[in-house]
Amino acid sequence: MTQHQRLLIIDFGSQVTQLIARRLRELNVYCEIHPYQNVTDAFLADFAPKAIIFSGGPDSVTREGSPRPPKSAFTLGVPILGICYGQQVMMQELGGLVESGHGTAEFGRAFVTPTGTNLAILDGWFSEGREQVWMSHGDHVSRIAPGFEVFGTSPGAPFAITADLKRNFFAVQFHPEVHHTPRGAKLYENFIRLAGFTGDWTMASYKDDAIAKIREQVGDKRVICGLSGGVDSSVAAVLIHEAIGDQLTCVFVDHGLMRQGEAGEVVSMFRDNYNIPLIAADESELFLGELEGVTDPEVKRKTIGRLFIDVFQKYADEIEGAEFLAQGTLYPDVIESVSFSGGPSVTIKSHHNVGGLPEKMGLKLVEPLRELFKDEVRALGRELGLPEKFIGRHPFPGPGLAIRCPGEITREKLEILRQADAVYIDQIRKHGLYDEIWQAFVAILPVRTVGVMGDGRTYDYACALRAVTSVDGMTADYYPFTHEFLGETATRIINEVKGINRVTYDITSKPPGTIEWE
C-alpha cells in the first residue's frame with residue numbers, strides 16, 4: 001500500500017476545522033483531523049506528519065487548563081501553521097503573550113495590510129495593497145514569541161500574520177479556510193509547497209490502497225453490504241466487489257420510506273449492470289409498523305437504525321461465512337458524531353451508520369469511505385466506472401422519507417410526499433438546475449391548512465420545498481430559485497398532488513438549521 005505524505009490537523013474545537021481538511025484535499029494532500037486530547041507524543045511519532053496545522057477554537061489560552069498541543073510538536077522539525085486559537089497557543093507555548101479584552105476583538109470581515117517584508121507563504125497576496133480576511137477572536141497576541149517576525153497587521157490584530165522563518169512556523173489570527181477570506185486557498189497552497197508536499201493524494205491511488213486494505217481486512221470471509229441506493233453505499237459496494245468479488249453479498253432493504261419508484265430502480269441498476277449477488281428485501285411492513293405513532297425525530301432515527309441492524313442480522317445468518325458488514329460511512333458523518341474533545345459531542349442528530357455495531361450482531365465493520373468527503377466519493381465512483389447520471393444523484397438519507405415527514409408517519413402522508421417530491425425534482429431537471437444543487441427535496445408538514453380549489457373548500461397538508469448548495473454537507477445555503485420557478489412548481493404540486501394545498505420554500509442555511517428537517 002502507498003505511504004502517502006501526511007499532514008496532521010490538530011483540532012481545538014473550531015466549527016470550521018473540517019474546511020481546512022477540504023482545502024488540503026483539494027490540493028491533493030492527504031490530511032487527518034484529530035482532537036488535541038488524542039495527539040500524544042506517541043501518536044505524533046507514529047503518525048509522522050510532514051506538516052502540522054493547529055485549528056481555531058472557542059477557548060481562551062489565558063484560561064488555566066485550556067487546550068494545548070504536545071510540546072513535542074514543536075521539536076519534530078516540520079512546518080507548523082497556527083490559525084486563530086492555533087496562533088495564540090503557538091505564541092503562548094513558545095514564549096509570547098496572549099491577553100483578553102482591551103477592545104481588540106474582531107468578528108467578521110477585516111482587512112490585513114502587509115508590513116513590507118516578503119513572505120513565501122503569502123505569494124499571490126497583497127497585489128492590491130491589502131487582503132480581505134475573516135476574523136473571529138476575542139483574545140489577541142500582545143507579544144510575539146522569540147524568533148517570530150510580523151508580516152501582516154489588521155486594526156484589531158497587530159500581529160495578524162507572524163512567522164519564524166528559521167523553524168518554518170507560521171501563524172495567522174484569521175481563518176483562511178472560509179470563503180470570506182477570498183485568497184485563503186492560496187495561503188494553504190503556499191504552505192504545503194513550502195512543506196514539500198508533492199500532491200500524491202489522488203482518487204486513483206486511494207482506490208488501489210482501499211482495495212488492498214479491504215483484502216487485508218476481510219481475507220477469505222464473506223461481507224454483506226447495506227445497499228441504500230444512494231451514492232455512498234453504491235460506491236462502497238462496487239469498490240468492495242472489485243476487491244473481493246463474490247465474497248460480497250449486497251442487501252437492499254426497502255423500508256417503505258423510499259422515493260417514488262426508487263426501490264425498483266436500484267434493484268434494476270445493480271442486477272442489470274453489476275454481477276454482484278443481491279438480496280432485495282421488502283421489509284416495509286416491519287419498519288412502518290414500528291414507526292406507527294412515533295413523532296420524536298431522534299426516536300425515529302434510532303428505531304430505523306435498530307431495525308436495519310435486525311434485518312441485516314437476519315440475512316447475515318442466512319449467508320454462510322458472513323463476518324463483516326460494509327457501510328458507506330463518510331468523514332462528515334464521523335466528524336458530526338464526535339467532538340474535538342474526543343468524547344460525544346452535543347448530539348445534533350444520530351447517524352444510524354456511525355458508531356459501531358451492537359456486540360450481539362457478531363459482525364465487524366468494513367467502512368472503505370470513512371476518510372472521504374462527499375465530492376471525493378463521487379470522484380472515486382468515476383474511477384470505478386459508475387454511470388455519471390448515478391454518481392451525480394443528490395444525497396438521500398438512510399432514514400429516507402421518515403425525516404422529511406415531521407410528526408407521525410402514515411402511509412397516506414408518505415404517498416403524498418412521494419408524489420410531491422417527484423414533481424419537484426422533475427421541475428428542477430426540466431429547468432436544468434439539478435447539477436447546480438447539492439440536495440433538493442420536499443418535506444410534508446404536520447399541519448393542515450384551509451384552501452380553495454374551484455368552488456370548494458379544502459383542508460389539506462402544507463409542504464416545504466428545500467434546495468441547498470454545499471460542498472460536503474457540513475455547511476449549506478439555500479438555492480436562490482427565481483420567483484417564477486417557485487410559482488410554477490407550487491402550481492404543479494397543488495394541481496397534480498391530491499392532499500397538498502399550500503407550498504412554502506425553506507430559506508434556512510446550515511447552520512443554524514440542518515439540511516434535513518429532522
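Asn 168 sits in the loop between β10 (157–164) and β11 (169–172); helices (H or I, at least four residues) and strands (E, at least two) are DSSP runs, numbered from the N terminus. Its phi is near 60°, a positive value in a residue other than glycine. For context, most residues other than glycine have a negative phi, and most peptide bonds are trans.

Asn 28 also has a positive phi, about 60°, although it is not a glycine. Look for Asn 28 in the loop between α1 (17–26) and β2 (30–35). Its relative accessible area is 32%, so Asn 28 is partly exposed.

## Where the model comes from

Keep in mind that this is a predicted model: local features need pLDDT of at least 70, side-chain atom pairs count only at pLDDT 80 or more, and totals for chains, interfaces and linings use all residues. Residues are numbered from 1 along each chain as its sequence is written, and side-chain values use heavy atoms, with hydrogens and water left out.

## The whole chain

The protein chain has 14 helices and 20 strands. Its radius of gyration is 25 Å, close to the 24 Å that the globule rule gives for 518 residues, so the chain is as compact as a globular protein of that length. Here the radius is taken over C-alpha atoms, and the rule is 2.2 Å times the number of residues to the power 0.38. If you want a box, the C-alpha atoms fill one of roughly 75 × 65 × 40 Å along the principal axes.

Buried residues make up 57% of the 518 residues. Among contacts (heavy atoms within 4.5 Å) between residues at least 6 apart in sequence, 75% join residues at least 24 apart. The accessible surface comes to about 21700 Å², and 50% of that belongs to carbon and sulfur atoms; areas come from the Shrake-Rupley method with a 1.4 Å probe, and for residues only the protein chains shown count as cover.

On the charge side, the mean positions of the 50 positive and 68 negative charges are 1 Å apart. Lys and Arg count as positive and Asp and Glu as negative, while His and the chain ends are not counted; each charge is placed at NZ of Lys, CZ of Arg, CG of Asp or CD of Glu.

A cis peptide bond joins Lys 510 and Pro 511, with omega about -15°. Another cis bond joins Pro 511 and Pro 512, and there omega is about 15°. Pro 511 lies in the segment after β20 (500–505), and Pro 512 is found in the segment after β20 too.

## His 255 in its loop

His 255 belongs to the loop between β13 (248–254) and α7 (262–273), and at 2% relative accessibility it counts as buried. Its side chain reaches the backbone nitrogen of Leu 257 at 3.1 Å. A polar atom of that side chain also lies 3.1 Å from the backbone oxygen of Gly 398. For these polar contacts, the pair is N or O atoms within 3.5 Å; within protein, one must be able to donate a hydrogen and the other to accept it, and residues adjacent in sequence count only if both atoms are side-chain atoms.

Not counting residues up to four places away in sequence, His 255 touches Ser 284, Phe 287, Leu 288, Phe 308, Gly 398, Pro 399 and Gly 400.

Val 112 is in strand β6 (residues 106–114) and is buried, with a relative accessible area of 0%. Leaving aside neighbours within four places in sequence, its contacts include Phe 126, Arg 130, Met 135, Ile 161 and Phe 174. Val 112 and Arg 306 are 52 Å apart, C-alpha to C-alpha.

Phe 47 is found in helix α2 (residues 41–47) and is buried too, at 4% relative accessible area. Outside four places in sequence, Phe 47 touches Arg 6, Leu 7, Leu 8, Glu 32 and His 34.

Helix α3 (residues 85–93) is mostly covered, with seven of its nine residues buried; among them are Tyr 85, Val 89 and Met 91. Just after α3, Gly 95 takes a positive phi of about 110°.

Terms used. Buried means under 20% relative accessible area, exposed over 50%, partly exposed in between (1.4 Å probe, protein chains only).
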